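My notes follow, in the order I made them.

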Amino acid sequence: MAQVEATTERIVAADAETVFDALADYSGTRAKLLPEQFSEYEVREGGDGEGTLVHWKLQATSKRVRDCLLEVGEPTDGELVEKDRNSSMVTTWRVTPAGEGKSRVVVTSIWTGAGGIGGFFERTFAPKGLGRIYDAMLAKLAAEVEK
């Protein structure tokens with residue numbers, strides 16, 4: 001079984017601290033950023049960055065729904081790591097300054113993919129599909145913090 005990785009990034013016209021705070025605000029802003037592929041969003045513990053436990057369902061394709069229960073950590077400044085208790089998926093959000101009043105947001109998800117022919121299709125198509133979902137989320141993030 002091979003590791004599968006999906007990465008998306010965007011430059012946002014807001015300072016890194018503002019962008020990071022919006023992403024880390026699971027009890028408020030984060031829910032507004034989720035595109036239609038997310039459902040049953042619920043903060044179960046915490047709500048602001050480190051120590052948050054959040055649940056959602058992610059419908060990656062018409063047939064594939066992932067039930068996610070994520071523990072949030074902040075291992076370094078400007079970094080949120082969401083570890084799914086229900087799978088091998090780990091999603092890392094990195095926010096860094098990108099010039100005057102701008103920041104770069106990079107989101108990367110890594111998980112252990114299936115083997116065989118199913119794994120081939122997963123490695124081929126899942127990163128593109130997840131990339132589209134994250135693009136939509138980053139567009140909503142930009143709209144939220146660039147107000």
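I name helices (H or I, at least four residues) and strands (E, at least two) from DSSP runs, numbered from the N terminus. This is a predicted model, where local features need pLDDT of at least 70, side-chain atom pairs count only at pLDDT 80 or more, and totals for chains, interfaces and linings use all residues. Residues are numbered from 1 along each chain as its sequence is written, and side-chain values use heavy atoms, with hydrogens and water left out.

**Entry 1: the pocket**

I started with open space. On a 1 Å grid over the protein atoms alone, a pocket is an open set of points with protein on both sides within 12 Å along at least five of seven lines, a cavity is a set where a 1.4 Å probe fits but cannot get out, and lining residues have an atom within 4 Å of a point. Grid points are joined across faces, edges and corners, and a volume is the space filled by probe spheres set on the points.

The largest pocket comes to about 300 Å³. It has 14 lining residues, and Ala60, Thr61, Arg64, Glu122 and Ala126 are the closest to its centre. Which element gives the most to this lining? Helix 3 does, with 7 residues.

I also sorted the lining by class: Ala, Val, Leu, Ile, Met, Phe, Trp, Tyr, Cys and Pro are nonpolar, Asp, Glu, Lys and Arg charged, and the others, Gly among them, polar. The pocket has 9 nonpolar, 2 polar and 3 charged residues in its lining.

**Entry 2: the cavity**

The largest cavity has a volume of about 80 Å³. Its lining includes Phe38, Trp56, Trp93, Leu130 and Tyr134. Helix 3 again turns up as the main contributor, giving 3 residues to this lining. By class I noted 10 nonpolar, 1 polar and 1 charged.

**Entry 3: the rings**

Phe38 and Trp56 made me check the aromatics. Rings of Phe, Tyr and Trp (its six-membered ring) pair if their centres lie within 6.5 Å; planes under 30 degrees apart are stacked, over 60 edge-to-face and the rest tilted.

I count 3 aromatic pairs in the structure. Phe38 and Trp56 form an edge-to-face pair, because their planes stand at 85°, with ring centres 5.4 Å apart. Phe38 is in strand 2 (residues 38-45) and Trp56 in strand 3, so this pair ties together parts 18 residues apart in sequence. Tyr41 and Trp56 are stacked instead, at 6.0 Å centre to centre and 10° between the planes. Together, Phe38, Tyr41 and Trp56 are linked by ring pairs into a cluster.

Buried or partly exposed? I used under 20% relative accessible area for buried, over 50% for exposed and partly exposed in between (1.4 Å probe, protein chains only). Trp56 is buried at 5%, Phe38 is buried at 12%, and Tyr41 is partly exposed at 24%.

**Entry 4: one leucine**

Last, I looked up Leu23, taking contact as heavy atoms within 4.5 Å. Beyond its neighbours within four places in sequence, Leu23 is in contact with Arg30, Leu33, Leu80, Trp93, Val95, Val105 and Leu141.
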